[in-house]
Amino acid sequence: MLDKIKEFASTFFVTGDPMIYGADVSIALATIGIVFVLTYFKKWGWLWKNWLTTVDHKKVGIMYILAAILMLFRGGVDALLMRVQLATPDVTLLHPEHYNQIFTTHGTIMILFMAMPLMFGLFNIAVPLQIGARDVAFPFLNALSFWLFFMGAMLFNLSFVIGGSPDAGWLSYPPLSELQFSPGVGQNFYIWGIQISGIGSLATGINFIVTIIKMRAPGMTWMKMPVFTWSVFSSCVIIIFAFPILTVTLALLFLDRFGGGHFFTLDFGGNPMMYINLIWMWGHPEVYIVVLPAFGIYSEVISVFSKKKLFGYKSMVYAMFMIAILSFFTWAHHFFTMGSGADVNAFFAISTMVIAIPTGVKVFNWLFTMYRGKITFKTPMMWSIAFIPNFLIAGLTGVMLSVAPADFQFHNSYFLIAHFHSALIGGVVFGYLAGLYYWWPKMFGFTLPETPGKWAFWFWNIGFYVCFIPQYSLGLMGMTRRLSTYGWDTGWQPLNLVSTVGAFLMGIGFLFQVLQILLGIKNYRKLKDTTGDPWGGHTLEWSIPSPAPEYNFATIPQVEERDDWWAEKDKRAKGIFRKQPPIEAIHMPKNSAIPFIMSVFFFIAGFGFVFGWSFFYIPGLIGVAICMICRSFFSYDGDYYIPADEVKRTEAAIRGSV
Amino acid sequence: MAQAAAHHSHDHDHGHHDPQELKMLGFWIFLVTDVILFSTLFATFVVLRNNTAGGPGGAELFNMTGVIIETFLLLTSSFTSGLAVLAMNKGSMKGLISWLIVTAILGLGFIGFEVYEFVEMVHEGANFGTSAFLSAFFTLVGTHGLHVSLGLVWMIGLMFQLKKRGLTPETKGKVSALSLYWHFLDAVWIFLLTVVYLMGVM
């Protein structure tokens, strides 16, 4: 009996690596610490009432961002481990299998559990406020989306200490990810972690499309809509077309592994190439899903901090939709070398290059917006400016990769690694950080201290070039990706060492950001945003106090101009005040525990499927079904009214004498 | 137009938007995502349909009589779900419930025949794991069957809610969404019939 338990424990828990024992200990300590603090300060009720059951889009947004920053840390540690391993030849810090796990989890976490939630966090914070709405279209679904993402991410991360991590690459190509070659549970963790959070992403896409179509303030026509909201809209359109493909692809891979199917196997007529086509039909649009909102942020930030209207607003909008459509015609450039034939390669090479045109249009628009503007170099603006030269490099090397014959040389080399990190860090992460700094006062009611922010910026920015520019050369020198070690005879050592130094510089940048947030919290009284409009913003979110009250707008604004808040401020300066409609009772959605509980059941079901344990997945699925039925039956009294008097009192309190 | 619509809701609802209208649009977009889901499965099936790996193909396996009966049942149920909505619009709770019951029985019949068909195939040795063709077949047709089954659970739950709540804007919205879903499944079945069965036996 004892032997059996021992045997089970040794396969169930990941053992044998000191780093993993260290992780076990730190996870246990962190958990005990959190439980202790919550109990000691009697915060369990507060946590449950204000956060776990909330349907307020602003709080959901904050939870997304918090989780994303944690995942950035986890993915970042993976990156540093890889860079240490590759700093010089013949390092034995990570054995090859462990290295495979680390690059797999690094990629998966950074794209799906860091970039996506950070993006959704910013959607949640900014979009309803920008369009003058009180909430998103489906607040309950919004909370559910967050908890599905969170549980999916936790399930995926659990693989680190229980069962073993996936190691077939971040897109898990078969046949490597098939049962035959990945017999452990790691791949199952990958499938269910992404699947569960992917359902949440799809729901968010639907939610924000409906919000933007239906809930804009009166007077906000499509062409008066803030450009960030436009970018969210185009990103969500890609989400609803791309994510169902991911859902199916992962489901089919799971059916292969779990049900003995033959979709992607090597025998019985399966076709591994089918998977690679499907995954990139989601995967390439995914890149544009995450980058378009970053473009939206740059547009807002550059306009506000140059004190100029955005140059070429309409061309920006059209460019985003061009990109959204073209993004679906580029997937095959990921496998030019796999024998699709000259015609197919030529088609996808050209459609990939064509995307550079709308992107170029946008870059020129940003430059022209800055031209003759009164630029102030606050942190959000610094990140936005730093993005432009970098994106030029990312864009140009992207066009190089899209040349099919040349791609045979670059394919799966460090050139490619350098290119997509340029695009995804310099394009996406820089943008989201700019957005985070930009909207931080709106979220929390205080600005972040600028000095540590600028230190962080320079460490990140310099570290970024030091890390990735050498990798372009390494790629051309023949270094391939997914390489766990190399010999002295390759001549790759100096550049790899430089690259590792760069990675650590970025890590220091991250620490400065943590410090910046801590200093901000410590000095929040001094940094308090009393105006609600610390940057001199142009969109509606800056017309209300910071942090926004739970109902957002005491009265729904009437929009007249594209940069309505600027126009409004001009008028007020001239002494023209708009007549405010009387404050009335406000209709609000009630908090609900169902999203959280339902996601826990999803987690249980997912865990059961990972191990093939029916005593987990059957109760889990039943729990999910019961939650859905409960929601349907109790959806009739899901709202309440805040009385007008209470709104007046709140407004008077936050606006002072006004 | 957006302006006019927003004004409209603003005037009578103090900035709060008509929840039924939002839900209906959301549901339409959900159906778009479901179209993509089925399209992906169809594409997979079309790529793999000749990969029988020496096992049986569609022509040997499909029992067209059963398929025609299934089609007849599902198409009729789509019609009766339309009659249910018509009854609802007339304000007749009795008509609504009765037509929903008829729809559910027809839907159950469809599922019954489909399950029977699957069991028959498995008895003949045509399993999910026999070949890529059969994996794709069972997944595509099974996903549709699962959608129909979930629709049945939804329909039954909704009948209880209708009994309890009566005809309110909320319950009416739910019936409309269900009916939309049911018609959508019907449309998917037409494609299944054509691409899987008719092209399979041809």
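This is a predicted model: local features need pLDDT of at least 70, side-chain atom pairs count only at pLDDT 80 or more; totals for chains, interfaces and linings use all residues.

Student: Which residue does Glu21(B) form a salt bridge with?

Tutor: The general idea is that side chains of opposite charge can pair when their charged atoms come close. In this structure the partner of Glu21(B) is Lys214(A), and the closest N and O atoms of the two are 2.6 Å apart. The pair crosses between chains, since Lys214(A) belongs to helix α7 of chain A and Glu21(B) to helix α2 (residues 19-48) of chain B. Lys214(A) is partly exposed as well, with a relative accessible area of 28%.

Student: How many salt bridges does the rule find across the interface of chain A and chain B?

Tutor: The rule finds one across that interface, while the count over all chains comes to 11. Polar contacts are counted separately, and between chain A and chain B there are nine residue pairs of that kind, with both residues at pLDDT 80 or more.

Student: Which elements of chain A give two or more residues to the side that touches chain B?

Tutor: They are α7 (186-214), α8 (227-259), α9 and α20 (614-634) of chain A. Of these, α8(A) gives the most, with eight residues. Sorted by type, the residues on this side of chain A divide into 23 nonpolar, 13 polar and four charged.

Student: How is the size of an interface often given?

Tutor: It is often given as the accessible area lost when the parts come together. Here chain A and chain B bury about 3,700 Å² between them, and 71% of it is on carbon and sulfur atoms. In terms of residues, 40 of chain A are in contact with 44 of chain B.

Student: Which salt bridges could I look at within chain A?

Tutor: One of them joins Asp78(A) and Arg74(A), whose closest N and O atoms are 3.5 Å apart. Both residues lie in helix α4 (residues 57-87) of chain A, four residues apart, which is about one turn of the helix. Asp78(A) is buried, with a relative accessible area of 4%, and Arg74(A) also counts as buried, at 16% relative accessibility.

Student: Which distant parts of the chain does the pair of Lys569(A) and Asp533(A) link?

Tutor: Lys569(A) and Asp533(A) form a salt bridge with their closest N and O atoms 2.5 Å apart. Lys569(A) sits in helix α18 (residues 564-573) of chain A, whereas Asp533(A) sits in the loop between α17 and α18 of chain A, and the two are 36 residues apart. Lys569(A) is partly exposed, with a relative accessible area of 24%, but Asp533(A) is buried, at 13%. Salt bridges can also share partners, and in this way Glu560(A), Asp564(A), Glu568(A), Lys571(A), Arg572(A) and Arg578(A) are joined into one network.

Student: Which residues touch the most other members of the largest nonpolar core?

Tutor: As a general idea, in soluble globular proteins nonpolar side chains tend to be buried together. The largest nonpolar core in this model has 240 residues, and those that touch the most other members are Trp282(A), Trp366(A), Tyr432(A), Trp439(A) and Phe137(B). Helix α9 (residues 272-306) of chain A provides the largest share of this core, 20 residues. A second, separate core of 13 residues includes Leu81(A), Tyr99(A), Tyr486(A) and Trp492(A).

Student: What is Trp282(A) in contact with, leaving aside its neighbours within four places in sequence?

Tutor: Its contacts include Leu112(A), Trp170(A), Leu171(A), Ala242(A) and Phe243(A).

Student: Is Gln493(A) buried or exposed, and what does it touch?

Tutor: Gln493(A), which lies in helix α17 (residues 493-522) of chain A, is buried, with a relative accessible area of 17%. Leaving aside neighbours within four places in sequence, Gln493(A) is in contact with Ala87(A), Thr88(A), Pro89(A), Tyr486(A) and Trp488(A).

Student: Is Lys574(A) buried or exposed?

Tutor: Lys574(A), in the loop between α18 and β1 (586-589) of chain A, is exposed, with a relative accessible area of 67%.

Methods. Residues are numbered from 1 along each chain as its sequence is written. Chains are lettered from A and ligands numbered from 1 in the order in which they are written. Side-chain values use heavy atoms; hydrogens and water are left out. A nonpolar core is a set of buried Ala, Val, Leu, Ile, Met, Phe, Trp, Tyr and Cys residues joined through side-chain atoms within 4.5 Å. Buried means under 20% relative accessible area, exposed over 50%, partly exposed in between (1.4 Å probe, protein chains only). Contact means heavy atoms within 4.5 Å. Buried area is the accessible area (1.4 Å probe) that two parts lose on being put together, summed over both. A salt bridge is a side-chain nitrogen of Lys or Arg within 4 Å of a carboxyl oxygen of Asp or Glu. A polar contact is a pair of N or O atoms within 3.5 Å; within protein, one must be able to donate a hydrogen and the other to accept it, and residues adjacent in sequence count only if both atoms are side-chain atoms. Ala, Val, Leu, Ile, Met, Phe, Trp, Tyr, Cys and Pro count as nonpolar, Asp, Glu, Lys and Arg as charged, and the others, Gly among them, as polar.
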